[in-house]
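Morning, everyone. Please bring up the sequence and the model, and keep both in view while I talk.

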Amino acid sequence: MTPGIGLMKRRLPTEKEAIPVAVSGIVQKYGVSSNDIKTLETKYDIDGGDWYVALGFGEKRVIVKMDSVQGTITEITEI
């Protein structure tokens, strides 16, 4: 039997760990320099266990959704 999300150790427990993963995903997808990316906002969804990190670079703004247990990016949405 596997433990529920509340009992599992999270790979992205804090904002400090979540932001570099989000920045890395943007660097890979858009090919921009990490120095050009600005963190606009971060939110943690307690019910779903997901991190949402809003990032800006150039004229683009994106929201990166990440699973805190798996430590992976699940969605990148341009706004």
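Start with Tyr44. At 29% relative accessibility, Tyr44 counts as partly exposed. The cut-offs: buried is under 20% relative accessible area, exposed is over 50%, and partly exposed is in between, with a 1.4 Å probe and protein chains only. This is a predicted model, so local features need pLDDT of at least 70 and side-chain atom pairs count only at pLDDT 80 or more, while totals for chains, interfaces and linings use all residues. Residues are numbered from 1 along each chain as its sequence is written, and side-chain values use heavy atoms, leaving out hydrogens and water.

Now the rings. How many aromatic pairs does a search of the whole structure find? Two. Rings of Phe, Tyr and Trp (its six-membered ring) pair if their centres lie within 6.5 Å; planes under 30 degrees apart are stacked, over 60 edge-to-face, and the rest tilted. Tyr30 and Phe57 have ring centres 5.2 Å apart and planes at 50°, so this pair is tilted. Tyr30 sits in helix H1 and Phe57 in strand S2, so the pair ties together parts 27 residues apart in sequence. Helices (H or I, at least four residues) and strands (E, at least two) are DSSP runs, numbered from the N terminus. Tyr44 and Trp51 make a tilted pair too: 5.0 Å centre to centre, 55° between the planes. Trp51 is buried, at 7%.

Next, Ser68. It lies in the loop between S3 and S4. Is Ser68 buried or exposed? Buried: its relative accessible area is 0%. A polar atom of the Ser68 side chain lies 2.6 Å from the backbone oxygen of Gly49. Leaving aside neighbours within four places in sequence, Ser68 contacts (heavy atoms within 4.5 Å) Arg10, Arg11, Leu12, Tyr44, Gly49 and Trp51.

What flanks that loop? Strands S3 (residues 60-67) and S4 (residues 72-78) run antiparallel, joined by six bridges. Two strands pair if DSSP finds at least two bridges between them.

Last, the core. The largest nonpolar core has 13 residues; Val62, Val64 and Met66 are among those touching the most other members. H1, S2 and S3 each supply at least two residues of this core. Such a core is a set of buried Ala, Val, Leu, Ile, Met, Phe, Trp, Tyr and Cys residues joined through side-chain atoms within 4.5 Å.

How values were computed: A polar contact is a pair of N or O atoms within 3.5 Å; within protein, one must be able to donate a hydrogen and the other to accept it, and residues adjacent in sequence count only if both atoms are side-chain atoms.
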